[in-house]
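Visitor: I would like to go through this structure term by term. Please set each value against its definition.

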Amino acid sequence: MSEPDGSPPPDYLRTSYRHVRDPRMQKVLRVQAALGSAIREYLDGQGFTELLPPIIGPVADPGVRGAKQATINFYGREYKVMSSAILYKQMMAASLGKIYFFSPNVRLEPLETASTGRHLVEFVQVDIEEAGATYGDAMRRAEDLVAHVTGRARGRLGKELAAFERRLNGGAAPYERITYDDALRILADHGKEVPYGVEIPWSEEEFLSKQFHEPFFIYDYPRGSRGFYDREHQDRPGILKDFDLLYPEGYGEAISGAEREYEYAKVIARLRETGENPSKYEWYLDMLREGIPPSSGFGIGVERLTRYVCGLKAVWEARPYPKVAGVFSP
Amino acid sequence: MSEPLTKLFMKVASVRSAAAAGRTFLESYPVDEIVQKAKYGKEALYPFSDLDEYGRALLGADISLKQATRFSTLDELVLLPPIFTPKRLEKMTDLGREPYFSDVDLETNIGGFRSRLPLTLASMGSTEVAHSQSPHLGKGAAEAGIPMGLGENIATVWGYATRQKASMPTFKQRLFAYLDHLHGPHGGVVIQQSVEDAFDELWNKVYTDPDVEPFVRKGLVAFEVKLGQGAKPGLGGETKVSREVARELKGKYYFPDDPDKVDQDLYERHSAPGTFTEEILRGQLRSLRNHFPRARIWIKAGPFRDLLPLFRVASQERIDAVLVDGKEGGTGMSPVIALKDLGLPTLACLKRINDARIEGLRAPFVLSGRLFDGGHVVKAIALGASAVAFGRPFILAVGVGGAKGVRNFLEATEVEMRMLISSLGKYRVGDVGQEDIGSLDRHLADALNVPFVYA
């Protein structure tokens with residue numbers, strides 16, 4: 001984990017057809033499948049409905065750090081490939097209440113992310129949304145889910161994990177909760193100043209994560225540091241009702257979640273933070289104008305979870321055909 | 001009037017009005033002065049012609065004005081050299097000899113970029129007059145070691161990397177005409193994104209482009225949030241495009257004439273001014289920092305009445321530079337009524353910058369709007385600007401001699417600045433201050449808190 005550079009070795013990605021047959025990689029993939037089952041087992045048991053994920057649409061999540069969306073020509077008009085299915089989560093929570101999907105996402109990340117060991121251009125996240133839930137509820141849900149899944153991993157996957165010499169923490173909920181302000185203070189105490197209002201940069205996030213031995217939450221991010229759909233505290237303007245769950249030991253961000261803005265007038269003002277013309281989000285705004293219930297939810301990256309459970313050096317070891325920024329590979 | 005006569009009358013009137021517009025520009029803008037500089041570089045700084053040459057001429061200050069202006073300009077201010085010059089003594093002590101104007105250090109940090117001069121090439125957008133010449137402009141600016149702006153709608157109209165029109169460069173060609181000619185540590189590029197460019201995620205495209213990456217890593221790329229422009233504050237960008245281009249852009253811009261239904265040569269294309277509140281702007285600036293942590297963030301503001309509150313937000317959000325464009329700022333297209341009636345004159349914008357300095361706001365300010373010579377630069381700096389942006393002078397200069405015309409013009413301007421600053425007994429840009437300036441007009445002197453020179 002002390003590897004300063006998480007870049008894949010040259011040519012490694014080009015020959016992924018070979019690596020998938022390594023016994024070690026086969027183990028990783030079996031663990032990944034078992035983690036998927038454990039996630040479904042938990043969510044189905046809690047009354048969630050699994051839906052088919054959207055892949056393309058007129059708009060996708062613009063709130064993704066520096067990454068570009070992939071565009072396809074849809075019969076002469078533009079469609080975006082989902083950078084996240086956030087808008088559809090709100091759509092579906094309004095219908096079925098408690099929903100989730102295993103959502104494939106594409107984010108054309110900046111080249112600098114090729115060396116973080118935590119970024120893939122193509123990945124899958126389990127996207128979870130619950131109508132009527134507060135962000136406190138969503139945090140408890142996230143914690144239960146991670147505790148359940150890591151618990152299952154320690155039990156059922158004990159033998160597989162032994163191969164990775166992995167001692168896995170993460171069973172003992174509730175996890176510690178610190179505010180964004182606390183996180184900045186901890187970093188400042190270690191001589192790492194992060195200016196207020198900015199999402200915690202990747203190297204600082206990794207450092208912070210190394211200070212913990214169990215997963216932990218950072219909550220109440222300031223407005224402007226996150227997507228337009230994270231709801232603002234009514235009595236604390238400028239502070240959002242949102243959170244991240246971070247894995248310990250330097251593995252970093254596991255989950256991002258929030259209570260959602262669902263009121264039309266608030267969303268349209270927040271949308272301007274992206275610099276875009278709100279008309280681009282026509283269907284979404286029409287839906288909000290007609291009214292949807294409040295909801296909260298989060299997304300948990302499957303490859304990052306696998307990396308954490310197996311103790312892998314980089315997230316590209318947790319996908320059979322990884323796509324890393326700037327590297328053309330199978 | 002019979003129909004053919006009406007047509008003839010209209011035609012004559014249109015030629016006359018076009019000629020009148022051209023004549024007004026020639027009369028009111030120092031075209032000749034800039035053309036001479038672009039042709040001859042620093043040789044053009046002395047008012048000799050074929051008739052008078054050195055040794056035969058008798059020269060003195062021109063006391064006339066070309067035209068009475070409707071509002072005050074920087075030309076109503078003069079620089080006030082002193083006889084007692086402690087800073088010149090300091091410089092002499094450093095050098096061990098009398099200092100000359102060539103000893104002035106003009107290097108300036110402009111919004112995170114090192115610039116050889118306190119001067120940048122103002123952002124120019126997709127309008128053909130700037131766009132067609134842009135590769136030469138970029139080369140000239142890069143070779144001179146000053147930052148350059150890339151305005152709105154270039155990629156959306158002319159293509160990011162694939163040409164929309166065979167004769168017109170793409171956004172990337174324009175960008176690399178500049179980046180490829182940088183040498184040494186000076187320069188940097190400032191890229192705007194209109195609401196419509198945002199539709200295509202221009203900034204994300206630039207930030208994830210492997211060709212641009214080395215320049216991002218070196219800190220040579222800034223993104224500029226455009227809050228209006230001098231010639232039309234409160235209105236969006238406007239230009240005219242061909243039917244073919246109009247059809248492609250139809251969904252992204254406002255076209256008063258539908259290119260699918262109306263057949264004409266050119267179509268007005270309007271972009272939205274963008275809606276802001278203080279909260280929206282703050283959110284947008286923070287999002288930018290989050291999304292593009294390695295890019296510098298600039299703001300370009302039109303001549304709005306609430307500049308000072310904007311400066312406060314910029315200062316609190318640690319914006320790298322705020323460029324303010326006065327109402328005399330150039331444009332490829334703007335309604336006459338906007339040119340006439342909208343916004344604060346450049347000098348009034350400079351006054352707001354001065355207020356911001358007095359309040360202790362730290363953001364670097366860049367001033368633009370009909371500024372065209374070394375005197376304008378030094379006066380703007382004396383009143384609190386960190387640097388100045390020129391637009392039209394570069395377009396004229398590039399028209400005269402391509403990239404060489406740009407370099408010549410900059411050479412002349414550089415010598416002007418050196419002479420003026422050294423005359424004030426100063427040898428660093430940062431030492432120029434309010435004490436160096438006086439006003440020819442009493443009201444202006446009071447407003448700017450500088451001496452009325454006749455008092």
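Visitor: What makes the radius of gyration of chain A agree with a compact globule?
Guide: The radius is taken over C-alpha atoms, and the globule rule is 2.2 Å times the number of residues to the power 0.38. For 330 residues a compact globule would come near 20 Å; chain A has 19 Å, so the two agree. The C-alpha trace of chain A spans about 55 × 50 × 40 Å along its principal axes.

Visitor: And how do you know that chain B agrees with the rule?
Guide: With 455 residues, the globule value is near 23 Å, and chain B has 23 Å, which agrees. Its C-alpha trace spans about 70 × 60 × 40 Å along the principal axes.

Visitor: What kind of model is this, and how are its parts numbered?
Guide: This is a predicted model: local features need pLDDT of at least 70, side-chain atom pairs count only at pLDDT 80 or more, and totals for chains, interfaces and linings use all residues. Residues are numbered from 1 along each chain as its sequence is written, while chains are lettered from A and ligands numbered from 1 in the order in which they are written.

Visitor: Why is B:V245 called buried?
Guide: A residue is buried if 20 or more other C-beta atoms, placed from the backbone, lie within 10 Å of its own; it is exposed at 12 or fewer, and partly exposed in between. B:V245 has 22 C-beta neighbours inside 10 Å, so it counts as buried.

Visitor: Where does B:V245 sit, and what does it touch?
Guide: B:V245 belongs to helix α11 (residues 243-249) of chain B. Leaving out residues up to four places away in sequence, B:V245 touches B:V157 and B:Q164. Contact here requires C-beta atoms, placed from the backbone, within 7 Å. B:L266 is 21 residues from B:V245 in sequence, and their C-alpha atoms are 9.5 Å apart.

Visitor: How much of each chain counts as buried?
Guide: In chain A, 48% of the 330 residues. In chain B, 51% of the 455 residues.

Visitor: What share of the contacts joins residues at least 24 apart?
Guide: In chain A, 72% of the contacts between residues at least 6 apart in sequence. In chain B, 74% of the contacts with a separation of 6 or more.

Visitor: What makes a stretch a helix or a strand, and how many are there?
Guide: Helices (H or I, at least four residues) and strands (E, at least two) are DSSP runs, numbered from the N terminus. Chain A has ten helices and eleven strands. Chain B has 18 helices and 14 strands.

Visitor: What span is expected of helix α15 in chain B?
Guide: The rule is 1.5 Å times one less than the number of residues. Helix α15(B), residues 346-359, has 14 residues and reaches 20 Å from its first C-alpha to its last, close to the 20 Å expected. After α15(B) comes B:G360, with a positive phi near 90°.

Visitor: Which strands make up the open sheet of chain A?
Guide: Eight strands, in the order β1-β5-β6-β11-β10-β9-β8-β7, with mixed pairing. β1 and β7 (176-179) stand at the edges with a single partner strand each, so one side of each has no neighbour in the sheet.

Visitor: How do you know that β5(A) and β6(A) pair?
Guide: Pairing needs at least two bridges found by DSSP. β5(A) and β6(A) have nine, in the antiparallel sense. A:F102 has A:V126 in β6(A) as its bridge partner. β1(A), residues 49-50, pairs with β5(A) over two bridges in the parallel sense. Seven bridges join β6(A) to β11(A), which run antiparallel.

Visitor: Which strands does α3(A) lie across?
Guide: β1, β5, β6 and β11 of chain A; α3(A) runs at about 40° to β6(A). That angle is taken on a 0 to 180 degrees scale between N-to-C directions, with axes fitted to C-alpha atoms, for helices over the stretch in contact. Buried residues of α3(A), residues 86-96, include A:I86, A:L87 and A:M92.

Visitor: How many residues does each chain bring to the contact between A and B?
Guide: Chain A gives 27 residues and chain B gives 25.

Notes:
Two residues are in contact if their C-beta atoms, placed from the backbone, lie within 7 Å.
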